[in-house]
Amino acid sequence: MTEVESKPGLDGVIAAAKQAPGRGLPPVHLWNPAHSGEIDIVIAADGRWIHEGATINRAALVRLFSTVLRKDPDGYWLVTPVEKMRITVEDAPFIATALDVAAGSDGSPVLAFTTNVGDVVEAGADNALRVEIDPTTQEPRPYLHVRRGLEALISRPVFYELVEMAQERDGVLGVESGGMWFAIGRSEAPVS
C-alpha cells in the first residue's frame with residue numbers, strides 16, 4: 001500500500017500534536033477546541049491506521065496520532081488545542097501485542113502489556129481486563145483499558161499466554177495483576 005501524503009487537515013493535526021508539551025501524553029482531556037470536523041482516518045480492527053484508503057506506514061506518525069486520540073460519548077477524535085477531528089475506529093484503537101509478567105512490590109503478579117503504538121500498560125485497578133464473547137463466532141474478545149476510555153484488543157498470542165497462566169476460582173478462569181482478579185473465561189467441566 002502507498003504511504004500517506006500530508007493533507008491540509010492532516011497537517012494541522014500533525015503540527016499541533018508535535019507541539020504537545022514534554023515527552024508524555026498531551027492533556028487532550030483538557031482541550032475543548034471550538035473547531036471540529038471529520039477526517040478520513042480509520043483504525044482498522046487489526047490495528048492499522050488508514051487515511052483515505054492508504055495505510056499509514058510510518059510508525060512514528062501513528063504513534064504521534066495515538067497520543068492525541070480521545071474517546072468522547074459521541075465517538076473517537078484526534079484532538080489538538082485548536083481543533084478536533086472525528087475518526088472511525090472499527091473495534092479498539094490499540095492492540096496489545098506483548099505481555100511481561102513481573103512481581104509487584106508485595107510479591108503479587110503484575111501484568112504489563114505493550115501495545116502496537118508503544119504504550120506499556122499494567123493491568124490493575126485503573127486498567128482492567130475484560131473479555132466479551134463475539135456473538136457471531138462465540139470466540140473470546142479480550143480487552144485492556146489503556147487510558148481515559150481507550151482500550152486495546154489483546155492479540156490472540158497474548159491472550160493464549162493469559163490462558164496458560166490462568167487459575168480457576170469457582171468455575172471461572174482468571175488472572176491476577178496489581179492486586180486485582182480478572183475473569184477471562186469459564187473453566188470447562190471435566191468429561192466423565
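The model is predicted: local features need pLDDT of at least 70, side-chain atom pairs count only at pLDDT 80 or more, and totals for chains, interfaces and linings use all residues. Residues are numbered from 1 along each chain as its sequence is written, and side-chain values use heavy atoms, leaving out hydrogens and water.

Strands are DSSP runs (E, at least two residues; helices are H or I, at least four), numbered from the N terminus, and two strands pair if DSSP finds at least two bridges between them.

Next, show β10 with β11 (residues 140-147), an antiparallel pair with five bridges. Here V131 stands opposite P142 of β11.

Turn now to the largest pocket, where E139, P140, R141, P142 and R156 lie nearest the centre among 14 lining residues. A pocket is an open set of points on a 1 Å grid over the protein atoms alone where a 1.4 Å probe fits, with protein on both sides within 12 Å along at least five of seven lines; lining residues have an atom within 4 Å of a point. Helix α3 gives the largest share of this lining, four residues.

Finally, select the lining of the second largest pocket, including V131, P140, F159 and I184. Its largest share, four residues, comes from β15.
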